[in-house]
Amino acid sequence: MLAAMTAAATRYPQLFTPLDLGFCTLPNRVLMGSMHTGLEDHARDFGKLAEYFATRARGGVGLMVTGGFSPNVAGWLKPFSSRLSMPWQVRAHRRITGAVHAGSGRICLQILHAGRYGFHPLSVAPSKIKSPITPFTPRALSDAGVERTIRAFVRTAKLARDAGYDGVEIMGSEGYLINEFLAERSNQRTDRWGGSAENRMRFPVEIVRRTREEVGRDFIIIYRLSMLDLVDRAQAWEEIVALAKQIEAAGATLINTGIGWHEARIPTIVTSVPRAAFTWVTRRMRENLRIPLITTNRINTPEVAEQVLARGDADMVSMARPFLADPDWVAKARDGRAALINPCIACNQACLDHVFENKRASCLMNPRACFETELVDAPVVHKKRLAVVGAGPAGLACATTLAQRGHAVVLYEQANEIGGQFNLAKRIPGKEEYAEPMRYWGNLLDAFGVDLHLGKRADAAALQAGNFDAVIIATGVTPRDPRIAGQEHPMVLGYHDAITGKRPIGKRVAIIGAGGIGFDVAEFLTQPAPSATTDIARWTREWGVDATLARRGGLAKPETEPSPREVWLLQRTAGRPGKRLNKTTGWVHRAALKAKGVKMLGGVTYEKIDTAGLHVSIDGNPQTLAVDNVIICAGQESNRALADELSALGVVVHVIGGADVAAELDAKRAIRQATELAVRL
Ligand code: NAP
Ligand code: SF4
């Protein structure tokens with residue numbers, strides 16, 4: 001243990017330097033940032049929430065923050081959502097704090113007043129101005145209402161202390177109520193809470209000052225400061241620095257970084273945002289303060305976290321989604337097992353997208369996240385011999401889970417590498433993170449002794465002769481044949497050949513099919529090479545973030561690099577393509593392609609393909625798109641012939657992933673299905 005810790009201390013010396021807060025010492029520089037999981041909304045789920053946090057406390061994280069709890073009804077995110085404002089609510093929270101402390105962890109409760117982002121008719125704001133992303137117009141708080149709201153924040157902090165929390169995080173960023181007070185776009189008051197910058201700051205400063213008075217000195221107060229609003233008519237950098245100084249003087253223990261309002265049109269956490277793309281902002285702020293600063297956004301590996309701390313950008317790093325992907329992130333980094341950290345690929349598919357759909361959050365890479373008490377390993381009565389056919393996400397998740405439970409697993413993959421469809425995804429500019437799961441699964445296969453056969457097509461007779469207790473079929477999908485006249489023309493190619501670069505692609509290209517893969521191919525054709533998309537300075541210019549911090553809101557004019565190709569992205573369904581992309585990421589893909597001039601068209605009928613190009617009718621009007629290439633991205637069909645053959649031979653077969661359902665070929669569903677099977681076999 002000591003040797004492992006020394007190794008970690010050598011490898012990640014900054015990350016594992018304790019942080020002395022005066023009245024307590026955090027064991028490392030990692031904060032698990034606030035995430036709404038959906039378990040906060042009902043006390044009946046607090047047992048599950050307690051185990052969720054306790055698992056992560058045992059995994060060694062220095063400090064955690066809960067999802068947001070509103071200080072009153074007006075501050076709800078949605079009707080009847082998480083709130084802590086009554087003494088009788090304290091008891092349920094003790095379950096959470098007790099479990100965390102039993103796991104040697106520390107936890108703060110986040111106090112979040114949604115302001116005009118409240119998705120209900122009782123929402124309030126500094127002024128009666130509707131946000132562009134909610135249907136409800138808020139009521140403007142009166143002077144007495146502002147005072148009552150401050151008292152509500154303080155009361156919640158006091159209740160959090162009574163409930164055994166180690167502190168609170170006061171949510172002052174992301175465009176919620178406190179942030180709304182700070183910006184002219186949402187605060188047009190003329191009383192002591194609006195007008196001048198000094199007046200607009202009064203609300204957060206009073207909250208922090210009076211909270212400190214109430215909770216005493218030995219209680220953590222984190223203030224989440226909006227350092228870049230990324231919307232217009234927002235704060236100037238000098239105002240943000242002045243606010244930070246006042247928050248420090250008012251008694252905050254730590255200042256955390258907030259980047260971008262929810263209504264901002266600049267992505268801040270999706271996978272195409274380069275790693276650690278915003279830590280430079282925290283560094284600029286750090287020059288002005290004495291208390292420790294926490295930085296955040298797109299930090300997901302110990303290497304990146306260590307670099308951020310080593311170059312002095314911040315005193316701590318906050319990660320939220322990486323702790324859904326791996327509750328033992330810190331312990332693995334500390335104990336020399338970083339190679340086995342389950343990576344967060346920043347896809348949002350099972351975490352944020354679920355929250356927006358009012359579903360419980362989880363993780364595409366780790367379906368046990370938020371299901372710690374439900375998705376558990378069944379006891380292994382006798383060790384089985386199992387074959388898994390196909391090493392895409394479903395097969396890999398299944399094989400590695402089975403092997404970790406102690407079964408003997410043979411894994412067959414006809415390609416020469418593991419990863420399946422993720423090997424295409426990782427080649428898309430802005431999706432470089434998709435290489436990480438293969439690193440993780442590959443290391444797990446080694447660590448747990450899975451017998452891997454690459455470049456080997458498993459046939460039914462050999463599998464039957466292998467006398468396996470069961471065969472798991474994860475053979476994935478094949479591209480759908482769209483049956484368009486002339487599709488055998490040499491200008492036509494499938495998405496696999498396009499993405500792997502097997503065939504050269506011309507300057508004018510039509511893409512048939514505008515699902516997830518059609519969009520990926522369009523980005524592949526219009527974006528620069530992946531090495532350029534991970535360049536923070538280039539990304540910052542491209543999206544219009546003001547790196548000089550000279551302009552209000554941190555907004556600059558986007559400097560889009562022109563696309564090297566003219567691209568049409570087509571679908572038969574009427575309406576603009578991209579409506580079915582995921583909620584929290586689809587808008588980024590649409591905006592990126594729009595900036596590159598991609599013509600996205602719906603209501604298309606494909607007539608034929610010949611040397612003149614792609615002949616289509618759009619809303620009944622015939623047109624010829626004079627393109628050099630047509631790329632087919634028309635969806636998939638299940639590959640399950642082997643499953644049918646094996647069943648006919650009487651072999652016990654389980655079909656998972658795309659081989660089971662191709663229509664919604666979806667890694668999230670595939671990995672969950674694989675894990676659910678693997679924990680019970
Ligand atoms: P998809 O999302 O099902 O889209 C298939 C596209 O092909 C649709 O635009 C469909 O539109 C068109 N199409 C269907 N049948 C056709 C036919 N017979 N002839 C011509 N066009 C046809 O499939 P996908 O793009 O292959 O993506 C598969 C899955 O991979 C996604 O659902 C997603 O889960 C995953 N994925 C996700 C992402 C992401 O960004 N989140 C990226 C890549 C892949 P019309 O029927 O209107 O023509
Ligand atoms: Fe990360 Fe995707 Fe898991 Fe969310 S679902 S935690 S973004 S890997």
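Visitor: Which side chain does Glu 637 meet in a salt bridge, and what is the distance from N to O?

Guide: The model is predicted, so local features need pLDDT of at least 70 and side-chain atom pairs pLDDT 80 or more, while totals for chains, interfaces and linings use all residues. Residues are numbered from 1 along each chain as its sequence is written, chains are lettered from A and ligands numbered from 1 in written order, and side-chain values use heavy atoms, without hydrogens and water.

The side chain of Glu 637 meets that of Arg 480 at 3.7 Å, N to O. A salt bridge here is a side-chain nitrogen of Lys or Arg within 4 Å of a carboxyl oxygen of Asp or Glu. Glu 637 lies in strand β26 (residues 636–638) and Arg 480 in the loop between β17 (477–479) and β18 (492–494), so the pair ties together parts 157 residues apart in sequence. Helices (H or I, at least four residues) and strands (E, at least two) are DSSP runs, numbered from the N terminus. Glu 637 is partly exposed at 41% relative accessible area, and Arg 480 is partly exposed at 36%. Buried means under 20%, exposed over 50%, and partly exposed in between (1.4 Å probe, protein chains only).

Another salt bridge joins Glu 436 and Arg 439, with the closest N and O atoms 3.0 Å apart. Both residues lie in helix α15 (residues 436–447), three residues apart, about one turn of the helix. Glu 436 is buried at 19%, whereas Arg 439 is partly exposed at 28%.

Over the whole structure, a search finds 45 salt bridges.
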